[in-house]
Amino acid sequence: MREWFKNIGGRRIGKIACACVLTFALLFSLCSACVAKKQPDQISYVIGISQANMREPWRLVLTQEIREEAAKHSDVRLVITDATDNSEKQIADIQKLLDFGVDLMIVSPCDVKKVTPVVSDVYQSIPVIVLDRVVEGYDYSLFIGPDNELIGKQAGKSVSQMLNGKGTVLELCGSSASQASIDRSEGFSSIIDETGDIQVEQVHVVSESRDSAEDIVRAYGTHLRDIDAIFAHNDYMALGASRALEQLGYEDIRIVGVDGFTGENRGIDLVRRGIIDETITCPTGGREAVQYALEILQEVSGVPKQVILRSHSVTKENADAYEAGLNRSYEEPDKIIDVGYAQVGTESAWRLANTQSIKTAAKEFGINLIYEDCNQSQERQIEALRRFIEMDVDVIVLSPVVDSGWDEILEEAQEADIPVLLSDRKVSTKKDDMYMTFIGADFLEEGRRAMRWVAETMEDPEECVRIMEIEGTVGASPSEERSQGFKEVMQEYPNCDIVYSSCGDFTYEGGKQVVEEYINSHDWDIDVIFSQNDDMALGAAEALENNGITPGVDVKLISVDGARSAFEALIDGRLNCVVECSPLLGPQLMKAIKDLMAGKELPLRIITDEKVYTQENAQKYIRSRKY
Ligand code: GYE
């Protein structure tokens, strides 16, 4: 390794040398009709891994998965550092990796707040994948991690069932600085609080280790008589707790852990041997990190911004089946995949681009797409899903026009054993497992970005800003969450206020009508219009112009989506800011369908990558816009 490091500075020279050798080999091969093979020691990429620590078993598994996945590529090298849970050391490690000249960095942060600015700086020069704990903001290429709040909720449901809704739980939490532990606790208590008759005693096990957990539980002594269950934030603490209970003779206390790895004394083994009652899996994302790292380095399009991994509840009853699923080999189905797709409608430029992206990708992936345009009607979408179920399609894709009212039809799809994928918009259902994955945007962040732009461009921070909000379809997740995100940031600016809000239903005419109605009933006194999509913003601009008000000058217009028409309006000065919401979900959706049909597990959510555009940068980007 040392010898190799000496060459690292010359790696670039090495690559040029390799390129010359290859060129010669290629010329030679043209003459001798033979193709030069890649030299085994040719390095294409060096990936730096900044690990929070190499002490926790979860991180050892993460590192092992990264190594195994990278080993499949002879031209990839890893440089791994161990921050020993010290954020100052991690910051120094990250700088060293940057100085080595790594091509991409994978960071698993020790302390989110301290490491966020460093990741943001590195991201200005090389791609960064954040693992396990997300940093603040979006200055990174990709985040891969579990949904820790959902893991906590699953534990809460399991413990509540074990205790029949009544009793006392000892919660062995991880470090209070660990966002994962905070989220797990929040999820856990959100469910426990609903039951109303379960008390929780929380203890922070700072080292999150087996032995510390064992010591803490043993110190409880006879007080354990009052404890009915233990929820440990990882399986190692669960094992420590079980050892203490065995020594003290309290063997009826139920135990739930987290992580669910295979191997001796790890979650699946502990459950199978009856040492703990349940483990909730927390995948590391190591393999996915290397796979996406190569896609990023090879500039493959469509790499998402966030991949949220799925967790499973494993008990003695399903441990064997779960482990068998881990080792299953994947094989492409030997049939054309039939996909029923219930699209919202044709209400906006975004929607047309979204439909086109999905149809084109279906063709490219060889998938038979049965497409239904449901004209912004939930009733027609439900009817379409029923037809897909009767047709016994392989997969259903739904872009739900609104987020509620889907439980019954999704139940029918489940009973028919037809997986449902959500594209673009979300649903809220009673049960968590009603669909396989969600592929779409972070609407909350889109709303925040719109208000941040308002704040950043206010001439006088003290000035009073009167805002009109033109909302999309009532009850649709983008409408609700963009509004929520906007208001969340607006709270920091007491002089800003939404003085009028009305629904434009995501259409041009809808946006135009909102402004006309306001003008007909008020003297114009609006400083900023926040329109939740481009079509409504452009309709609003026309209404303003019809009334002698200059959009983009007399009133600032902010929109969401980023269609070409919006870029043209930025360049014309009629719009001031456009927050991107990509409709180009087709490739990711079809890849997810192929993976699903090949037996692979899908992430819980795949969140698209998006940016903010203004009059200053619109001209630069308009040529590269794909919709
Ligand atoms: O912003 C709008 C479309 O669901 C994100 O629906 C999508 C929204 C998009 O009509 O233009």
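## The second largest cavity

The second largest cavity holds about 90 Å³ of space. This model is predicted. The residues lining this cavity are Glu 347, Ser 348, Trp 350, Arg 351, Asp 424, Arg 425, Phe 443, Pro 478, Arg 482, Phe 506, Asn 533 and Asp 561. Two elements give two or more residues to this lining: helix 13 (349–364) and helix 17 (477–490).

What kinds of residue make up the lining of the second largest cavity? There are 4 nonpolar, 2 polar and 6 charged residues.

## The ligand

Now turn to the ligand.

Some side chains come with distances to the ligand. For Asp 561, a polar side-chain atom lies 2.6 Å from a ligand oxygen atom. For Ser 348, a polar side-chain atom is 2.9 Å from an oxygen atom of the ligand. Asn 533 has an N or O atom in its side chain that is 2.9 Å from an oxygen atom of the ligand. How much of the ligand does the protein cover? On its own, the ligand has 300 Å² of accessible area, and the protein covers 100% of that.

## The largest cavity

A search of the whole structure finds 3 cavities of 30 Å³ or more. The largest cavity has about 220 Å³ of space. Its lining has 18 residues. Which of them are closest to the centre of the cavity? They are Glu 56, Trp 58, Ala 180, Arg 184 and Glu 208. Helix 3 (57–70) and helix 7 (179–195) are the elements that give two or more residues to this lining.

The lining of the largest cavity divides into 5 nonpolar, 6 polar and 7 charged residues. Why does the largest cavity lie between domain 1 and domain 2? Domain 1 (2–140) and domain 2 (148–284 + 317–326) both give residues to the lining, so the cavity lies between them.

## The two cavities together

Each of these two cavities lies between a pair of domains. The largest cavity is lined by residues from domain 1 and domain 2.

Definitions and conventions: Residues numbered from 1 in each chain as written. Predicted model: local features only at pLDDT ≥ 70, side-chain atom pairs only at ≥ 80, totals over all residues. Heavy atoms only, no water. 1 Å grid on protein atoms, 1.4 Å probe; cavity = no way out; pocket = protein on both sides within 12 Å on 5 of 7 lines; lining within 4 Å. Points joined across faces, edges and corners; volume = space filled by probe spheres on them. Helix = DSSP H or I, 4+ residues; strand = E, 2+ residues; numbered from the N terminus. Nonpolar A, V, L, I, M, F, W, Y, C, P; charged D, E, K, R; others polar. Domains from an automatic or database assignment. Polar contact = N/O pair within 3.5 Å; in protein donor to acceptor, adjacent residues only side chain to side chain. Areas by Shrake-Rupley, 256 points an atom, 1.4 Å probe, with all protein chains shown as cover.
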